[in-house]
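This briefing covers the packing, the strands, the domains and the ligand surroundings. The sequence and structure come first.

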Amino acid sequence: MSEPHFGPPREGRPQSGADRRKMRQDRNQLEEHPVSLRRIGALFAPHRGTLVVVVALIVAASLIGLIQPFIVRDLIDHAIPEQDVAALLAGAGGLVGIAVLTALLGVIQTWRATLMGQQVMHGLRTSLFTHLQRQSLGFFTRARSGEVQSRLINDVGQMQSVVTSSATSIASNFTTVVATAAAMVAISWRLSLISLVVLPPAILLTRQVANLRRAITSRRQAEMSTLTSLIEERLSISGVRLAKLMGTTDDDSRRFAESSGRLIDLEMRSQLAGRWRMATMSVIFSVVPAVLYLAAGLPATSGGMTIGTLVAFTGLQAGIFRPVMGLMGVSVQWVSALALFSRVFEYLDADESLPVPDKPQRLVREKVRGEVNLEQVEFRYPGAELPTLQGINLQLPAGRTTAVVGATGSGKSTLGSLIARLADPGAGSVTLDGYDLRDLEPGDLASVIGVVSQESYLLHGTVRQNLEWAAPGASEERIWSALQGAQIAELISSLPQGLDTMVGQRGHRFSGGEQQRLAIARTMLRDPKVLVLDEATSALDTVTESLVQEALDRLSNGRTTLLIAHRLSTIARAENIVVLDAGRIVESGSFDELADAAGPFARLLEGSDYAQRVSS
Ligand SMILES: Nc1ncnc2c1ncn2[C@@H]1O[C@H](COP(=O)(O)OP(=O)(O)OP(=O)(O)O)[C@@H](O)[C@H]1O
Ligand SMILES: [Mg+2]
């Protein structure tokens, strides 16, 4: 290949880093989770009819397209020189008819294939979503952040394009190449032989140039995304604040300038590479017919061929170029399509959902007293060496508040999640009114247990949507009374859009304490019998704290409550206090008992968070 002005990328390989990385990832994925073609086939089995129609349309379109060169040959060799009006009309009409027919077939094919692709994707997407939602929290903790979402959004989304564009273009390229080659031989075997010498190097050259261009383009994209992320990250409020605090503003500017500078170079190369690609293509597209004309005229090779034959053949060989190029990239497409299915199937096969009982015990809400009992409970996070909780015996009397205190990481939140059955204990049991949580119908359990967690998570939507999501069909009156109970009604009614205020990034930025009170209102609407309140660890200002406090008090009033407490004021009010240390209960009793006992609780009060909160 001649020296290109833009030079090869520094790695000296035609494939870019990103492409190779993706290829490697795809291969690894397939090695770890092989896909059976039968399973993919099964997805399409319900659409067998459509599949047959699509394939038939593809074959029909390529065959019909092949009639064209024969008509051209006939026009040039007979109809035109002989001025045969009938033949001219027939030929011209035939050409138009073929064009219209192939265009129509193409449209119908895309329509059927897209519909099929969409239906398959819809089925997969829905079952995957439902399946993933059932998985335990552990599954999501272990997945890399964003990966679960990406599989559902990107991988399933790409499947549609695999079905409608990759698969159909492979099929159509294949039939076109085979049919065109056959027609070429039928029209002139001499010219076919000559093409066999000229076409392969031309195709290889084009491919090389295309690869080179792709490599440069993806390096440019990588650099572009570095620049974009610098802009997004460093010019956000938190980013600017952090850079100022760290004193890295100048450094960041330098990095930005460097990245932007590299982009000039890459952009130049990428533009030139694009130009080179076009240039090579157009040269090749002239060279091949030139060689054919030459061969057709030279006495040694002409063999008395007619002009019509030559023109028809030139048209055919021009048409075989693209499909051949397309087929050369098939193995990459094939691997990435299989990897796509493999990733989706892997998630469909993963089953870490908490077991649902065969004959679940039903709860009648009104009859639930709300007594919770933990007996010899042990819990270990998957992969963890030591249990996070062990030997836990704890009784939460109906309607009473029990506080749990302990150092950070001692297992308080974990204990709370067992009561809401976000996880099952490894040993021992958690019961509600004497029923093991594992025997209860999950929906029934969810309807009687409420959790306000350390980080309140609000959905993207309006305040009203967030509340109605927790309690579908709640009346306006109930909503406002919950907001009142959560000490947030005044704030909401002062907002211009009231309940219809958007929550989150594009809406009102509720402060941490406000978000927590919204979460409390949400739980109030559900009116649970048993409550797990995980106090926010981040310090709230005293006014907010007392507001949240009051909201929590109202919420827990009359309900069985496990209060994970970080503040002295809350601990003091609990009827019973248990102290957790490294996953074990080391002390329990009333506040006064524990404070006098000079044990772990007293030490906790002295040297820790709890004491600081009191003094502040
Ligand atoms: N999903 C998880 N996977 C593995 N380990 C976890 C997971 N969640 C928590 N842990 C570990 O379990 C231990 C107990 O965590 P937990 O969140 O229950 O503590 P905590 O008492 O609520 O702490 P804090 O007061 O900071 O909220 C910690 O050592 C923590 O690192
Ligand atoms: Mg916690």
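**Nonpolar cores**

Leaving aside neighbours within four places in sequence, alanine 521 is in contact with Leu467, Ala482, Leu483, Gly485, Ala486 and Ile488; contact means C-beta atoms, placed from the backbone, within 7 Å. This is a predicted model, in which local features need pLDDT of at least 70 and side-chain atom pairs count only at pLDDT 80 or more, while totals for chains, interfaces and linings use all residues. Residues are numbered from 1 along each chain as its sequence is written, and chains are lettered from A and ligands numbered from 1 in the order in which they are written.

- The largest nonpolar core holds 64 residues, and Val404, Ile520, Ala521 and Ile577 have the most contacts inside it.
- Helix H18 (residues 512–526) gives the most to this core, 6 residues.
- A second, separate core has 20 residues, including Val156 and Ala337.
- A core is a set of buried Ala, Val, Leu, Ile, Met, Phe, Trp, Tyr and Cys residues joined through C-beta atoms within 7 Å; buried means 20 or more other C-beta atoms within 10 Å of the residue's own.

**Strands**

- Strand S1 (residues 372–379) runs antiparallel to strand S2 (residues 389–396), with 5 bridges; phenylalanine 379 is partnered by leucine 389.
- S1 also pairs antiparallel with strand S4 (residues 427–432) over 5 bridges, and valine 372 stands opposite leucine 432.
- Helices (H or I, at least four residues) and strands (E, at least two) are DSSP runs, numbered from the N terminus; pairing takes at least two DSSP bridges.

**Domains**

- An automatic or database assignment gives domain 1 (23–188 + 324–353) and domain 2 (368–615).
- Their C-alpha centres lie 53 Å apart.

**Ligand 1**

- Of the 14 residues around ligand 1, Tyr381, Thr408, Lys412, Ser413 and Thr414 come nearest; a residue counts as near if its C-beta atom, placed from the backbone, lies within 6 Å.
- Helix H13 (residues 412–419) supplies the largest share of the shell, 3 residues.

How values were computed:
A residue is buried if 20 or more other C-beta atoms lie within 10 Å of its own, exposed if 12 or fewer, and partly exposed in between; C-beta atoms are placed from the backbone. Two residues are in contact if their C-beta atoms, placed from the backbone, lie within 7 Å.
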